[in-house]
Amino acid sequence: DTPTDTPTDAPKDTTAPTSAADAVVEAAKEPEPHYDAVLTYFAGRGRAESIRAALSEIGLSWKHKLKTGPEFMEMKPLLAFGSLPMLEIDGLYLVQSGAILRYLARAHRLCPDTAASMWRFDALIDAAEDLRVANYKGMPAFGATADAQKNLVDVVHPRHAKQFATMLGSDAFFVDNQFSLADIAVWDALQTSWELNPCFLNAHPPLKSFIERINSRERIAAYLASDNRLAGQQPLECATEAQV
C-alpha cells in the first residue's frame, strides 16, 4: 500500500465551514479582542483587586479568568508557589500579588527612585497585606467567631487605621506625596476594612479623603463603574450594631 500523510480513518474537521452559508457566518464573526493582560483569580476582589485597579490606572486592557475552587485545585500544581492571583503579561506568568504590583510599578514608573523611598513604598504594600490578612481572620466566610469579629472592629482596625494615618500625615499620597502603586495597595486594604466596619475611619478624616482622592482618578473611576468591578464585602454584624 502507498503511505499517505493522513490516515483514512482520521476524524473529519468539524470546525471547518460545511457550506457557503457557514463560510459567510464564519467570515462575519468578530475577531477575538486583544488584551494586554489576563488576570486569573476567584470571583471576588481579594488579593486581585489592587492588581485590577493598577492595570486600569496604567491604562492597560485586561480581562478576568475567574476560577472556582475545584478549578484552582486542578491548576495549583502548575502554579509557581501554588497560588493565585496569576497575571499573564509581557509573555510572563506572574504570581504573588505584592510582587505583581511591584512589577507593574517598576515597568510603568509608578514607584519612587531612591532606596529610602522604595523602602517606604515596599513597607506600605506589606502593611496593606497585613491589614488584608487581619480582615480575613475577622470574616465569617473564613470561619471567624463572633469574638474574632468583635476583636477586628474594636482592636485591630483602630490600630491599623492609626498607623496608616500617621504614615499619610497631611500629604495627599503616601510616598513622597506623589501617586504610586503603593497608594493603590493601601486604598484597597482601607476600602475593604471600611466596607466591613463602617466606623473604621471615623477618627481619621484624612484617610477618608485619601480613598475619595483615589476613587476620583479618571481611570480608577472608570474601573469602579465598569462590569469588571466585582462585589465587595457586607458589613460585619457587630460593626453595624456599633453604629446604632
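Residues are numbered from 1 along each chain as its sequence is written, and side-chain values use heavy atoms, with hydrogens and water left out. Because the model is predicted, local features need pLDDT of at least 70 and side-chain atom pairs count only at pLDDT 80 or more, while totals for chains, interfaces and linings use all residues.

**Stop 1: the largest pocket**

Select Y136, M139, F142, T192 and Q233, which are the closest to the centre of the largest pocket among the 22 residues that line it. A pocket here is an open set of points, on a 1 Å grid over the protein atoms alone, where a 1.4 Å probe fits, with protein on both sides within 12 Å along at least five of seven lines, and lining residues have an atom within 4 Å of a point. The volume is about 290 Å³, a volume being the space filled by probe spheres set on the points, which are joined across faces, edges and corners.

Next, colour β1 (37-42), α5 (115-137) and α7 (181-196), the elements that give two or more residues to this lining; helices (H or I, at least four residues) and strands (E, at least two) are DSSP runs, numbered from the N terminus. With 5 residues, α7 gives the most. The lining of the largest pocket divides into 11 nonpolar, 6 polar and 5 charged residues, where Ala, Val, Leu, Ile, Met, Phe, Trp, Tyr, Cys and Pro count as nonpolar, Asp, Glu, Lys and Arg as charged, and the others, Gly among them, as polar.

**Stop 2: the second largest pocket**

Move to R47, S97, G98, E129 and R132, which lie nearest the centre of the second largest pocket, itself lined by 16 residues. Its volume is about 180 Å³. The elements that give two or more residues to this lining are α4 (97-107) and α5, and α5 gives the most, with 5 residues. By class, the lining of the second largest pocket has 6 nonpolar, 5 polar and 5 charged residues.

**Stop 3: α4 against α5**

Keep α4 and α5 in view, and note that they pack at an angle of about 145 degrees with their axes 10 Å apart; axes are lines fitted to C-alpha atoms, for helices over the stretch in contact, and angles run from 0 to 180 degrees between N-to-C directions. The crossing of α4 past α5 is right-handed, a crossing being right-handed if the near helix is turned clockwise from the far one by less than a right angle, and left-handed if anticlockwise. To see the contact (heavy atoms within 4.5 Å), show S97, G98, L101, R102, A105 and R106 of α4 together with M118, F121, D122, I125, D126 and E129 of α5. This contact has 5 nonpolar, 2 polar and 5 charged residues.

**Stop 4: α6 against α8**

Now select residues 146-168 (α6) and 205-215 (α8), whose axes come within 9 Å and cross at roughly 75 degrees. That angle makes α6 roughly perpendicular to α8, since angles of 65 to 115 degrees count as roughly perpendicular, under 35 as roughly parallel, over 145 as roughly antiparallel and the rest as oblique. A161, F164, A165 and L168 of α6 make the contact with P206, L207 and F210 of α8. By class, it has 7 nonpolar, no polar and no charged residues.

**Stop 5: two backbone details**

Finally, go to the loop between α3 (69-75) and β3 (86-89), where P85 is found; the peptide bond from L84 to P85 is cis, with omega near 10 degrees. Then select Q96, in the loop between β4 (92-95) and α4, whose phi is near 75 degrees, a positive value in a residue other than glycine.
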